[in-house]
Structure formats: structure tokens, C-alpha cells
Amino acid sequence: METKLNINDKKGIFTALLTPFDKNNKINAKALEELIKFNVKMGVNGFYVTGSTGEAFLLSTEERKEVMDIVKATAPDKVLIAHVGSVSEATAIELGEYAKKLQYDMVSSVSPFYYKFSFKEIKDYYCNIADASGLPMLVYHIPAFSGVNMGINEMSQFLLDDRFIGIKFTSNDFFLMEQCKTAFPEKLVYNGYDEMLLSGLAMGADGAIGSTYNFMADKFVKIHQLYAEGKMAEAKAVQQE
């Protein structure tokens with residue numbers, strides 16, 4: 001896919017959905033539907049599905065597909081990002097192709113972890129998923145969990161590529177975030193750490209993806225709105241709250 005990507009309708013606040021289970025350890029579809037609708041009422045722009053918050057690596061491939069189905073059916077008009085990451089590239093590709101089938105807006109993946117892959121291997125992994133899914137790819141940068149640290153040189157290799165729409169930036173290295181956004185203003189940068197949303201926005205983030213949004217997304221929607229209006233003191237007060 002070598003077309004320029006439109007990011008204007010993909011900015012804002014995105015809930016990294018939890019995965020509710022019932023007493024029989026099955027996905028609780030009703031609870032998930034209610035959670036999605038609750039977040040829609042709080043004003044979120046979309047959802048990040050089966051990511052870290054959704055306990056992706058504790059779910060089977062079929063369970064991840066089931067969650068993707070439920071989210072698409074419940075919030076078809078929202079921007080939907082499918083996290084397809086797995087240590088198994090084949091599984092990640094399978095999930096990416098499934099996201100394409102469901103007409104998700106983007107796929108995302110944490111860097112392959114545990115085996116200390118080389119950067120070339122990591123880059124090939126991302127490119128293979130992007131090619132297989134045919135969807136815009138969002139790199140998930142979370143060095144505290146993945147153990148993979150990338151600087152501006154590595155980030156640039158993705159952001160120069162039209163297959164990549166941007167980065168989910170879960171790190172407190174805001175200088176690196178600012179470097180990415182300044183060098184690639186046409187690409188998306190989402191802030192990752194909930195407690196640092198305002199810091200991320202100040203350094204150029206286009207919005208954010210977060211965990212505690214599941215139950216208080218309205219606060220983050222408010223921070224985003226107040227920042228856009230230049231009301232920094234009010235935004236800071238909500239962030240402190």
C-alpha cells in the first residue's frame with residue numbers, strides 16, 4: 001500500500017479496551033458491549049482492541065477474533081485499531097488479515113519480544129504484517145514491557161514508509177516523541193501513558209490511547225478539548241484530578 005494516509009479523522013481519544021470474562025472464563029460479550037457503549041457516551045473517538053490492557057497475550061487467537069467481532073458490531077462508526085501483536089509472526093499476520101476482513105481502520109503491534117530480535121528482524125516483522133493485512137500499520141512503542149528501545153533513526157525507517165500511519169508512543173521520553181512528530185507531522189503520534197497525557201499533547205501528540213479511559217474517558221476527552229482551546233491551567237487541573 002503506497003498511498004498517502006489521511007490522519008485528520010483519526011486523532012483524539014481512544015480507549016484501550018479491557019476484556020471482560022464471565023464466571024466460566026468465557027468472554028463476556030454482554031459486558032463488553034456495555035463497556036463499549038459506556039465509552040461511546042463519554043465521547044471517545046475510537047477503540048484500541050486486544051492490546052496490553054485487553055490482555056492480548058493471555059487470550060487465544062480465536063478469543064482475540066471474538067473480541068474484534070464484538071467491537072466492530074457494537075461500534076461500527078468509530079475508528080477501530082486492532083492490536084495483532086504476537087511473538088508468532090504467523091499469528092500476527094492471521095489476526096491482521098482478520099482485521100482487514102472486518103474493515104478495521106488500522107492494525108497495530110508491539111515489537112516482537114523475549115528473544116532479543118535484531119532491528120532488521122523487528123522491521124521485517126512489521127512490514128510483513130502491514131503487507132498481509134493491507135491496512136495502515138501503527139507501531140506500538142512500549143520499551144518498558146517489550147524490552148525494545150528505538151531512537152529517531154529506527155522510528156524514521158517506519159515513518160518514512162507509507163504503509164505506516166504512526167506510533168502508539170508509550171514511553172516518557174517526550175523528546176523522542178517530539179522528534180518523531182516534528183520530523184513527520186503527517187504521521188500520527190498517540191500518547192500512551194494515561195497519567196502523562198497533557199505532557200504528550202504539549203510535545204505534539206495527536207491524541208492518546210489509554211487504559212483508565214475504560215472508566216473515566218470523559219476526563220481525558222476534557223483534557224484533550226481544553227488543551228486544543230489553549231486552556232492549560234484547566235487542562236492541568238483535570239490531569240491532576
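## Strand S8 and its neighbours

Gly12 has Gly207 as its bridge partner in S8. That contact belongs to the pairing of strand S1 (residues 12-16) with S8, which is parallel and runs over four bridges. Please keep in mind that this is a predicted model.

S8 also pairs with S7, again in the parallel sense, over two bridges. Here Asn191 has Ala208 as its bridge partner in S8. Together, S7, H8 and S8 make a right-handed β-α-β unit.

Which residues of S8 are buried on each side? In a regular strand, side chains alternate between the two faces of the sheet. Strand S8 (residues 207-210) has Gly207 and Ile209 on one side and Ala208 and Gly210 on the other, and they are all buried, leaving both faces covered.

## Helix H7 and its buried side

Helix H7 spans residues 174-183, and its buried residues are Phe174, Leu176, Met177, Cys180 and Lys181. These residues lie on the same side of H7, because they cover an arc of only 155° around the axis. On the face turned away from that buried side, you will find the exposed residues Phe175 and Thr182.

The disulfide count is zero. Cys127 is in no disulfide, and the nearest cysteine sulfur, that of Cys180, is 16 Å away.

## Aromatic pairs

The model has 11 aromatic pairs. In one of them, the rings of Tyr48 and Tyr140 have centres 5.8 Å apart and planes at 80°, so the pair is edge-to-face. Tyr48 sits in strand S2 (residues 46-49) and Tyr140 in strand S5, so this pair ties together parts that are 92 residues apart in sequence. Tyr48 and Tyr140 are buried.

Phe119 and Phe158 also form an edge-to-face pair, at 5.8 Å centre to centre and 70° between the planes. Phe119 belongs to helix H4 (residues 119-133) and Phe158 to helix H6, so this pair ties together parts 39 residues apart in sequence. Phe119 is partly exposed, with a relative accessible area of 23%, whereas Phe158 is buried at 2% relative accessibility. Ring pairs link Phe119 and Phe158 with Tyr125, Tyr126 and Phe164 into a cluster.

Technical notes. Residues are numbered from 1 along each chain as its sequence is written. Side-chain values use heavy atoms; hydrogens and water are left out. Buried means under 20% relative accessible area, exposed over 50%, partly exposed in between (1.4 Å probe, protein chains only). The arc is that of the directions from the helix axis to the C-beta atoms. Two strands pair if DSSP finds at least two bridges between them. A crossover is right-handed if, with the strands pointing away from the viewer, the path from the first strand over the helix to the second runs clockwise. A disulfide is a pair of cysteine sulfur atoms within 2.5 Å. Rings of Phe, Tyr and Trp (its six-membered ring) pair if their centres lie within 6.5 Å; planes under 30 degrees apart count as stacked, over 60 as edge-to-face and the rest as tilted.
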